Amino acid sequence: MRFLKQLLNFYINSSIHVALSVFSLSWITLIEYEILFDNNVLFFVFFATITGYNFVKYFGIAKFHHRRLASRLKAIQICSFLSFLLLCFFALQLEQTTLFYIAGFGVITFLYAVPFLPKRFFLDKQQNLRSIGGLKIYLIALVWSGVTVFLPIINNDFYINWDVILTGIQRYVFIIVLMLPFEIRDLQYDSLKLSTIPQKIGVKPTKIIGVLLLVVFLFLEFFKNEMYVVGVFSLVFILVVTLLLLVFSKIEQNYYYSSFWVEGLPILWLLVIL
């Protein structure tokens, strides 16, 4: 039992779980626009997510404590290195236009973790995009929506029409809602300087905003030129599950509540569609 728990913790901490979620959202985009399974894009997204997330999460630790890394962090480093090699392999299979598009998100990910601007722009000593008050949730939503909607579309030379733009907006809104249980949980840890939504307005108003955003998420679907029954059904289903997880989220929550269940919602969404 202890081994299984350690395995689950490694699965979460090494960012494999979040990578599967990004993979799932990218595949959902392909399904929605009737594009064949693009293994090069999907596996690139998967391994790039592991590499990027682990870089952001463990950059400081690896920089200052590399000689004393615990075995868990060393295993994550190995996982990240192998993922980096695989992302490079799949990147070489992508279209040139796609690579230019990816480069922009790569820069954002790098600047999210690495100090790069004068201290006067920041609220703490980190000097990276992550430390700018109120920016984190919107930046993550931007990257997720860009990678999971437009990246598969661009690599397959699919025309970016009105429906694709609406899907991008929907995905942006959905990711913001998914982030809210994390921000509620982190109220007890985050510096007040971060100016997260729950810090600014409180837990209950945050949940109300989340509910309103889910209404927008659903409402946008009916402005699309083409709709299909399976897509609408799965969207409504995932909306209801997301709503429940948002409403029951609290500051003192189980470790797996957000890190596993909330973060795994895109995987559930894909399974419902399949």
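How many of the 24 residues of α7 are buried, and what else can be said of this helix?

Tutor: The model is predicted, so local features need pLDDT of at least 70 and side-chain atom pairs pLDDT 80 or more, while totals for chains, interfaces and linings use all residues. Residues are numbered from 1 along each chain as its sequence is written, and side-chain values use heavy atoms, without hydrogens and water.

Helix α7 covers residues 162-185; helices are DSSP runs of H or I with at least four residues, numbered from the N terminus. Of its 24 residues, 20 are buried, meaning under 20% relative accessible area with a 1.4 Å probe and protein chains only as cover. From first C-alpha to last, α7 reaches 36 Å, close to the expected 34 Å, which is 1.5 Å times one less than the number of residues.

Although mostly covered, α7 gives three residues, the largest share, to a nonpolar surface patch. I160, W162, I165, I169, F219 and F223 form this patch, with about 580 Å² of accessible area together. Among them, F223 lies in the loop between α9 (203-221) and α10 (229-247). F223 counts as partly exposed because its relative accessibility is 45%, between the 20% and 50% limits.

Terms used:
Patch = residues over 30% accessible without salt bridge, like charges linked within 9 Å, V, L, I, M, F, W, Y side chains within 5 Å. Areas by Shrake-Rupley, 256 points an atom, 1.4 Å probe, with all protein chains shown as cover. Salt bridge = Lys/Arg side-chain N within 4 Å of Asp/Glu carboxyl O. Helix = DSSP H or I, 4+ residues; strand = E, 2+ residues; numbered from the N terminus.
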